[in-house]
Amino acid sequence: MKVLVTGGAGYIGSHTCIELLNNDHEVVVIDNLINSSEESLRRVEEITRKKISFYKTDLLNKSEVQKVFSIEKPQAVIHFAGLKAVGESVREPLHYYRNNIDATLTLCEVMNEQNIKQLIFSSSATVYGEPKTVPITEDFPLHATNPYGRTKLMLEEILSDLFVSDSDWNITLLRYFNPVGAHESGKIGEDPKGTPNNLMPYIAQVAVGKLSELSVFGNDWPTKDGTGVRDYLHVVDLAQGHVAALEKMTQRGIHIFNLGTGHGVSVLELIDAFEKSSGKDIPYKIVSRRDGDIPECYSNAEKAERELGWKAIKTLDQMCADAWNWQSKNPDGYEK
Ligand code: NAD
Ligand code: UFG
């Protein structure tokens, strides 16, 4: 199938391009490179020995997006493009609403015009807010606590309305938990701009010597060891989840899946696993809780296993080993 991947040069998008190409799909990428580098796509081509049609295009530019659709005539779209930093979204809400909402509206309008109605959308566990219990199933109440999260929640609602208005659409909302790790080649991985906000890339930069120590945001949470608990899943497993959704969700409808491992891992457990995999010490200090954090968030991922035939299989040790392999081979990300 010919698949248009928006945001395909980014972290999850580039890993998904590999899995699509390895499964004999054709890949077209639209990305404005606001948070990524074209080098990631060059490396995807090197790994797979297959070609990608790349358009450096902003999804806000409708006529440019129309042009890409007219030239390429994709059969389905996987929509990763968006801004994703929670703190930045609090400081620049208009930028986040404009970019994430408008880009998706433009994309759907053009898909409608071209009669292409299969869409897979990157949602997030952030739509569950602070869950009352864990593990989280897809029918839990939804609640966003910051502008980034609200863009995801609003987009889920917009896409559901679109399906109600026209039942020819086939829309899959994938709610990711915490993607980490990198492709086993060490050629592509997560390349955050500036100091990382997320735990795994922060640890990896401490290990490689770019940052001196990790701050652990609180050890007084009501969790197994007092530190925050999350559902870390390997980005290659996550990428394969997209291929499963593309191939299995062939019927019209709104389909919603959690993509996670179903297991909660604490900050201290992740530090320990990373130290073992990398052979590096990760110095850390306990500091106060981060604003907006929640104690525990992990998925019940049984629906994806049942209906997509997909299960996250890579272990925490593999996530850490692959994150370290990427970071140690590319200390400055794609810049070098
Ligand atoms: P990323 O920043 O690496 O990739 C997003 C890509 O979208 C980037 O390459 C960026 O240049 C591109 N982009 C942004 N706005 C664009 C626009 N207007 N036009 C064209 N391209 C544009 O992020 P990622 O981690 O790969 O995340 C992919 C998607 O998954 C995002 O929608 C994100 O919100 C969602 N998500 C990510 C996580 C995570 O922890 N990484 C968790 C849950 C959900
Ligand atoms: N943490 C630290 N120190 C750090 C960074 C994080 O102790 O320097 C802790 C956090 O307090 C939390 C855990 O590590 O307990 C994970 O934090 P991340 O920032 O890596 O991940 P979050 O679960 O907070 O958020 C991420 C994305 C959100 C997304 C969510 C669910 O940033 O956008 O996963 O997918 F919504």
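1. Let me start with asparagine 115, which sits in the loop between helix 5 (93-113) and strand 5; helices (H or I, at least four residues) and strands (E, at least two) are DSSP runs, numbered from the N terminus. Phi of asparagine 115 is near 60°, a positive value in a residue other than glycine. Asparagine 115 has a relative accessible area of 56% and is therefore exposed, where exposed means over 50%, buried under 20% and partly exposed in between, with a 1.4 Å probe and protein chains only.

2. A word on the basis of all this: the model is predicted, so local features need pLDDT of at least 70 and side-chain atom pairs count only at pLDDT 80 or more, while totals for chains, interfaces and linings use all residues. Residues are numbered from 1 along each chain as its sequence is written, chains are lettered from A and ligands numbered from 1 in the order in which they are written, and side-chain values use heavy atoms, with hydrogens and water left out.

3. Arginine 49 also deserves a look. The loop between helix 2 (38-48) and strand 3 (53-56) holds arginine 49, and its phi, near 55°, is positive although the residue is not glycine. Arginine 49 reaches 76% relative accessibility, so it counts as exposed.

4. Please check one peptide bond as well: the one from valine 134 to proline 135 is cis, with omega near 0°. Proline 135 belongs to the loop between strand 5 and helix 6. As background, most residues other than glycine have a negative phi, and most peptide bonds are trans.

5. Now the overall fold. The protein chain has 11 helices and 14 strands. For 336 residues a compact globule would have a radius of gyration near 20 Å, and the 19 Å of the protein chain agrees with that; the radius is taken over C-alpha atoms, and the globule rule is 2.2 Å times the number of residues to the power 0.38. Along the principal axes, the C-alpha atoms fill a box of roughly 55 × 45 × 40 Å.

6. Of the 336 residues, 56% count as buried. The accessible surface of the protein chain is about 14,700 Å², and 47% of it belongs to carbon and sulfur atoms; accessible areas come from the Shrake-Rupley method with a 1.4 Å probe, and for residues only the protein chains shown count as cover. Among contacts with a separation of 6 or more, 80% join residues 24 or more positions apart, a contact meaning heavy atoms within 4.5 Å.

7. Which residues come nearest to ligand 1? Of the 25 residues around it, they are Asp31, Asn35, Ser36, Lys84 and Tyr148, where a residue is near a molecule or strand if one of its heavy atoms lies within 4 Å of it. By class, this shell has 10 nonpolar, 11 polar and 4 charged residues; Ala, Val, Leu, Ile, Met, Phe, Trp, Tyr, Cys and Pro count as nonpolar, Asp, Glu, Lys and Arg as charged, and the others, Gly among them, as polar.

8. The polar contacts of ligand 1 include an oxygen atom 2.7 Å from a polar side-chain atom of asparagine 35. A polar contact is a pair of N or O atoms within 3.5 Å; within protein, one must be able to donate a hydrogen and the other to accept it, and residues adjacent in sequence count only if both atoms are side-chain atoms. A nitrogen atom of ligand 1 is 3.1 Å from a polar backbone atom of asparagine 32. Taken alone, ligand 1 exposes 830 Å², and the protein buries 95% of that.

9. Around ligand 2 there are 21 residues, and Leu199, Ser215, Arg230, Arg290 and Asp293 come nearest. An oxygen atom of ligand 2 lies 2.8 Å from a backbone N or O atom of leucine 199, and an oxygen atom is 2.9 Å from an N or O atom in the side chain of asparagine 198. Taken alone, ligand 2 exposes 690 Å², of which the protein buries 88%. Strand 8 (residues 214-217) gives the largest share of this shell, 4 residues.

10. Finally, arginine 230, in strand 9 (residues 229-230). Is arginine 230 buried or exposed? With a relative accessible area of 14%, arginine 230 is buried. A polar atom of its side chain lies 3.1 Å from the backbone oxygen of isoleucine 294.
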